[in-house]
Amino acid sequence: MTTAFRVLGLLALAAMALIPFLPLGAAQEYIWHVIIQIFLWSFVGNAWSLMGRFGLVSLGHGAFLGVGAYATVLLWNFYGMTPWVGVVLAVLLTVALALVVAYPCSRFQVVGHYFALVTLAVGEVVRLWIVAERDWTGGSLGVSLKTGGAASGLWTLQFADKRVFYYVGMAAWLFGLWVWWRVDRSMARSAMEAIGEDETAAASVGIRVTRFKMGITALSAALTALGGALLALYLAYTNPDTLSGIGVSLRIVFAVVLGGMYSLLGPFVGTALTIALSEYLRIYFGIKLIGIAETIYGLLLIIFIIFLPAGIYGSIRDALFRRRPAAVRVPSWSGSRSAPWSRSSWPWPSWPAVAAAPPSSCAAGSRTRRWPRIAPSASRSCRPTPRPPPSSPRPRASSTAATARRSRSPRARRASARSTPPPTGTPT
Amino acid sequence: MIEPIFILEAVVNGILLGGVLALLALGLNLIFGVIDIVWIAYVDIVALCMYGVYFLVTLYGWPLWLAGLGAIVIGAGLGVLVHLLIITPILSSPPINQLLATGGLLFFIQSVATLLWSTDHRSVRVTLPTIEVGGIFISFSRLLAFGLSILAMIALYLFLKRTYTGTAIRAVSQDREAIALMGARPQRLYVVTSAVGGAMAGVAGALLIIQYAVHPYFGGAFGPLTFMICVLGGLGNMVGAFFAAFIMAQVISVGGVLVSTEMGYVIAFVIFIVLMFVRPGGIFAKRG
């Protein structure tokens, strides 16, 4: 089964790589354009989900996107600095900004709603700043990338042929997936999940909360800035409203949540659906009914969030591979509630049949949320999914090949957990 | 160099702006404190109420005060509708989904407004005099809005303190499990609270339409600010939100005169971020 999915995945990748050479007729440029946008935005969505899945719900990724995009464009426009250097500087600048925000957030334990609102404010600060510095940035009118003129396309990273950016976008997307996968398989994931559930408990078993939080924030911000820079280079135009601010931040979050925040391909599915839907509605209605596309989009968002809270891809994957009530794994603010052993790292899980999690005594409905800033006391007294003691046997895959391939990671994790106190199984 | 008189004028304008912001924040805060859900789309509902006033005045020729009362009814109706259609199904969902569902409502309202009424800026043209006090010019419409919003806030306060329903609403915000044991129905109280919060949105809409033109993206202009104020005052803390509104309004107003309009907002947001670190439970929270 796993092998079959692997082959399927490789075939899908090959098909994607071949799309630019298909005879698509007059519409080909447009189709490429849509796919490039899907690649780049799902790269950004992936970067967001690196933080979002650990309960660090940021509504300020527009800030990182905007700084990355504007720094790259302005360095080129005013100093003639090649984007090769400009992108690196932009990413460094964004990481610096992210750390300046993340450090106090972590030190003062700003979590949950408060974290979301602080990041929201950061996003607005960056957007308003860009508008205020209109001598440089063109204010609300935005700024266009200066053309490279006679300089070679590789130096200016401007290409007449969209296919170049098609492959750049695809490479970026795959790179984002790879980073996600590395984080997913790392020790950091266990630590971050522990932090997401209960910071105090995590700190008490020796997890360096601040370091891990800042690390994941810096990583997420760096990838987002890279995405912003690539978008700016591709579109050759940046605008504070399309690449910064609340609207963009919310769009990123929506696409990811729509697809599924906790799965590798969730952001891609969500982004592809939202972009395809909005393009379809735009073409279908044209200029007849301005706003209808957005109306349907908003309506679908509400409906999806009410009825498919695990996201489209997440729900489909659950229905196919696991028979567990989706409600249990739905995360709360304080982090993902899913039992770590039951979540696969690669989209094709190798241990399909996991026994249903014990029904939680703490159904989401009865949960009271008060507003202390440390994880709510309710979650401490009853965890939705009690974790087994570390020594309990883990469910194994049916396929021996898969077992051999995958056993490396949990065992390695357990081995390294011996040297440092285990992040899971903390006394409640 | 800016003359002191301008700064004084900015301060006065800030106070007047603060009254309206406080009204916006109070309605949102009421809903948050009781139902425990942040309505991201709250200011967009206010914008819908503003559209309501506009059309009642221009299309149906209602007098402004009657249209304002109509807006309160519209607001209350919208509040109940939003609660029953969107909030009730997600009451037990994780908070991020609640946030995003109301965020989806925000997109929906903005685009429906664009679809139905286009992106034109619309305002009811009332010519109200400008008052001059010692060289400071105060617009009468702002003064009116300030006074009425203070009155609305007092009315809300009396409602919560003096009536039976108000007491029940305050009780449910304190402990939603215990209130059910006391024989009240939280679900029904939620609906009442949404209606009251929506009615506050109607009041705010009626007062804002005499100062500002309404357009589909009006919610984006005031929405983030309203949130900041609620959080700054302490989510669910009415008194805190009231004072936070005036602080933010001062920063925006004076900062806008001293530097530039955008920088006024930037400074306000930066102050918000810093205060979140120093006093995370709101400016009036006990240190803990």
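# Notebook: chains A and B

**Interface.** I began with the contact between the two chains, which draws 42 residues from chain B and 47 residues from chain A. This is a predicted model, so I keep that in mind for everything below. Which helices of chain B supply at least two residues each to the side that touches chain A? I get α4 (95-117), α7 (176-181), α9 (218-233) and α11 (261-278). The largest share of that side is from α4(B), with 15 residues. I then sorted the side of chain B that touches chain A by class: 30 nonpolar, eight polar and four charged residues.

**Core.** Next I looked up the largest nonpolar core, which has 206 residues. The members touching the most other members are B:Leu21, B:Val46, B:Met50, B:Met200, B:Ile229 and B:Met248. I picked B:Met200 from that list and asked what it contacts beyond its neighbours within four places in sequence. The partners are B:Leu23, B:Leu26, B:Gly27, B:Leu30, B:Ala152 and B:Leu156.

**Helix pair in chain A.** I moved on to α3 (residues 61-79) and α4 (residues 83-107) of chain A. Their axes come within 8 Å and cross at roughly 145°. I noted the crossing of α3(A) and α4(A) as right-handed. Which residues meet there? On the α3(A) side I listed A:Phe64, A:Val67, A:Gly68, A:Ala71, A:Thr72, A:Leu75 and A:Trp76. On the α4(A) side I have, among them, A:Pro83, A:Gly86, A:Val87, A:Leu89, A:Ala90 and A:Leu97. By class, this helix contact comes out as 13 nonpolar, four polar and no charged residues.

Where does A:Ala236 sit? I find A:Ala236 in the loop between α11 (209-235) and β2 (237-238) of chain A. Buried or exposed? A:Ala236 is exposed, because 12 other C-beta atoms lie within 10 Å and the cut-off for exposed is 12 or fewer.

In chain B I wrote down B:Ser118, which is not a glycine either and has a positive phi near 55°. B:Ser118 belongs to the loop between α4 and β1 (130-133) of chain B.

How values were computed:
Residues numbered from 1 in each chain as written. Chains lettered and ligands numbered in written order. Predicted model: local features only at pLDDT ≥ 70, side-chain atom pairs only at ≥ 80, totals over all residues. Core = buried A, V, L, I, M, F, W, Y, C linked by C-beta atoms within 7 Å. Buried ≥ 20, exposed ≤ 12 C-beta atoms within 10 Å, placed from the backbone. Contact = placed C-beta atoms within 7 Å. Helix = DSSP H or I, 4+ residues; strand = E, 2+ residues; numbered from the N terminus. Nonpolar A, V, L, I, M, F, W, Y, C, P; charged D, E, K, R; others polar. Axes fitted to C-alpha atoms, helices over the stretch in contact; angles between N-to-C directions. Left-handed = near helix turned anticlockwise from the far one by under 90°.
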